[in-house]
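Please look over the sequence and the 3D structure below before reading on. The paragraphs after them go from the whole chain down to single residues.

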Amino acid sequence: MKTCSFVLAIVFLLVIRLEAQEVAAIKSSEVVMKERNNTETAFIPNVEIRTSFVGGLAQLSQFLEDNLTYPTLANINAIEGTVLIEFTVAADGSVQKAKVIEGIGFGLDEEALRVVNLMPKWNPAQQGRKAVASKVRVPIQFSL
C-alpha cells in the first residue's frame, strides 16, 4: 500500500505550508457573533497570541500521520492534490464547524474532514489575556 509515501508527503508539506489564519471582518477590532444558544464568539483579526496546535507543527504532523488513510478510490485513480479545511477553534480550544473550502473529491475531502474533526483541543487564540475563538485554515496535501 502507498500509505507510507503519502504520510511522509503530508508531514513534509504541512511543516512547510501550514498556516493558521484568523479570519474576521476587518471593519472593527472585534466582531461578535451570536450563536444559537446566545453565547458570544469573538473573532479578532489581529490577536496577541495566535491559535496553535498543542505541541506545535511536529505534533500536528504526527497526529495527521497517525490518523489519515488514503481513500481507496483516490488511490486506484492516482488522485493527488490539496484539500483546504476551515474550522473554528473555540475559546475552550475545541475544533468546531469544520468544512471543506477547496476539495478534490474521490473521498479525499471526506477523509481530510474526518481527521480534522478527530483533532484534540488546540491552544486558543488570546486577546488581552482572554481566550477567544478564531478560524483556522489547514491545507492537507495528498500525494502518492
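Predicted model: local features only at pLDDT ≥ 70, side-chain atom pairs only at ≥ 80, totals over all residues.

Residues are numbered from 1 along each chain as its sequence is written, and side-chain values use heavy atoms, with hydrogens and water left out.

The protein chain has four helices and seven strands. Both are DSSP runs numbered from the N terminus: helices are H or I with at least four residues, and strands are E with at least two. Along the sequence they come in the pattern α-β-β-α-α-β-β-α-β-β-β. A contact means heavy atoms within 4.5 Å. Of the contacts between residues at least 6 apart in sequence, 72% join residues at least 24 apart.

How much of the chain is buried? Of its 144 residues, 41% count as buried. Here buried means under 20% relative accessible area, exposed means over 50%, and partly exposed lies in between (1.4 Å probe, protein chains only). The chain exposes about 8000 Å², and carbon and sulfur atoms supply 52% of that area. Such areas come from the Shrake-Rupley method with a 1.4 Å probe; for residues, only the protein chains shown count as cover.

Now turn to helix α2, residues 56-67. Its 12 residues reach 17 Å from the first C-alpha to the last, close to the 16 Å expected at 1.5 Å a residue. The expected span is 1.5 Å times one less than the number of residues. Leu60, Ser61, Phe63 and Leu64 are buried in α2. Seen down the axis of α2, the buried residues fall within an arc of 160°, so they line one face of the helix. The arc is that of the directions from the helix axis to the C-beta atoms. An α-helix has 3.6 residues a turn, so residues three or four places apart point the same way. On the other side of α2, Ala58 and Asp66 are exposed.

Leu64 also belongs to the largest nonpolar core, which has 24 residues. A nonpolar core is a set of buried Ala, Val, Leu, Ile, Met, Phe, Trp, Tyr and Cys residues joined through side-chain atoms within 4.5 Å. Among the residues with the most contacts inside this core are Leu64, Phe87, Trp122 and Phe142. At least two core residues come from each of α2, β3 (81-89), β4 (95-102), α4 (108-118) and β7 (134-142).

Two polar residues are buried as well. Glu86 is in strand β3 and has a relative accessible area of 6%. Its side chain is joined to that of Arg137 by a polar contact of 2.8 Å. A polar contact is a pair of N or O atoms within 3.5 Å; within protein, one must be able to donate a hydrogen and the other to accept it, and residues adjacent in sequence count only if both atoms are side-chain atoms. Ser94, in the loop between β3 and β4, counts as buried at 15% relative accessibility. A polar contact of 2.7 Å joins the side chains of Ser94 and Asp92.

Finally, consider backbone angles. Most residues other than glycine have a negative phi. Ala78, in the loop between α3 (72-76) and β3, has a positive phi of about 50°. Arg129, in the loop between β5 (125-127) and β6 (130-132), has a phi near 65°. Ala78 is exposed at 53% relative accessibility, and Arg129 is exposed at 82%.
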